[in-house]
Amino acid sequence: MYNPYSLEGKTILITGASSGIGRATAIECSKLGARCIITARNQERLQQTLNQLEGDGHIQIFADLTKKDELENLINQTPKIDGLVNSAGIVYSKPITFIKQDDLDKIFSINTYAPIILTKSLIKQKKINKRGSIVIISSIASDTQTPGNTIYGMAKSALACFTRYCALELAQNKIRVNSIHPGMINTEMTANICISKEEIEIDKNTYPLKRYGEPQEIAWAIIYLLSDASSFVTGSKLTIDGGKSLI
């Protein structure tokens with residue numbers, strides 16, 4: 001059956017694959033025929049993701065991307081790939097007057113530096129095949145301002161900027177680079193945000209669609225950008241937020 005979104009024959013590296021968007025992406029990619037290389041720092045949860053993948057030949061590589069030796073080990077173990085999904089990251093909230101240097105170092109290290117260094121290293125070692133695709137998970141926090149969300153928003157803004165520069169430089173190699181900017185998604189990270197259920201329901205009502213998104217809804221968009229269906233798309237920003245950024 002004809003399917004322009006098929007990932008048959010493609011090898012995809014997905015970071016942050018132990019939960020949330022990363023896990024959903026790995027599962028959905030495997031359903032469409034991809035061979036998945038999944039990585040995360042939580043071994044037990046990563047194994048759970050591996051157990052849910054369809055097909056054969058998938059590989060799990062444990063790595064904390066903020067640790068130089070583990071990042072280098074991931075890069076060395078990664079075979080030639082057709083797609084890279086930079087999904088690993090954490091949420092963080094603190095008012096500006098309480099921000100410390102350690103807060104900046106922690107959030108930028110995980111959310112910004114790690115995906116940039118990983119992407120750079122895979123390109124330098126020529127591990128991303130021509131006509132490959134890189135998908136970077138940013139956030140609507142890069143464009144919308146919520147009190148207390150300063151560091152997270154800055155870190156995700158940097159990724160959005162990196163996406164555009166990377167797309168321009170890699171076009172000569174026929175490698176596409178795009179970013180996805182989700183609103184609030186029902187993941188473990190969302191559940192761990194320290195606000196009450198009542199406040200969450202109030203926040204959901206600020207979304208025109210009156211709900212948060214589901215991880216697979218982001219995964220399906222990632223698959224579009226990984227597939228040949230988006231072969232003329234690079235340097236683009238895809239916002240998936242239930243209309244939140246409209247208001």
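Modeller: Let's begin with burial: a residue counts as buried when its relative accessible area is under 20%. Arg176 has 9% relative accessibility, so Arg176 counts as buried. Please keep in mind that this is a predicted model.

Colleague: Where does Arg176 lie, and which residues is Arg176 in contact with, leaving aside its neighbours within four places in sequence?

Modeller: Arg176 belongs to strand 6, which covers residues 176-182. Its contacts beyond those neighbours include Gly132, Ser133, Ile134, Leu225 and Ser230. Ser230 is 54 residues away along the chain, yet the two C-alpha atoms are separated by 9.1 Å.

Colleague: What lies 3.0 Å from a polar atom of the Arg176 side chain?

Modeller: That is the backbone oxygen of Leu225.

Colleague: Now to rings. How many aromatic pairs does the structure hold, and how is such a pair described?

Modeller: There are three aromatic pairs. One gives the distance between the ring centres and the angle between the planes. Phe108 and Tyr113 form a tilted pair, with 6.0 Å from centre to centre and 40 degrees between the planes. Phe108 counts as buried because its relative accessibility is 14%, while Tyr113, at 48%, counts as partly exposed.

Colleague: And what kind of pair do Tyr207 and Tyr212 form?

Modeller: Theirs is edge-to-face: the centres are 5.5 Å apart and the planes make an angle of 70 degrees. Tyr207 and Tyr212 are both buried.

Colleague: Which residue lies over the face of Tyr212?

Modeller: Lys204 does, at 5.4 Å from the ring centre.

Technical notes. Residues numbered from 1 in each chain as written. Predicted model: local features only at pLDDT ≥ 70, side-chain atom pairs only at ≥ 80, totals over all residues. Heavy atoms only, no water. Helix = DSSP H or I, 4+ residues; strand = E, 2+ residues; numbered from the N terminus. Buried < 20%, exposed > 50% of the residue type's maximum accessible area, 1.4 Å probe, protein only. Contact = heavy atoms within 4.5 Å. Polar contact = N/O pair within 3.5 Å; in protein donor to acceptor, adjacent residues only side chain to side chain. Phe/Tyr/Trp six-rings, centres within 6.5 Å; stacked < 30°, edge-to-face > 60°. Lys NZ or Arg CZ within 6 Å of the ring centre and 35° of its normal.
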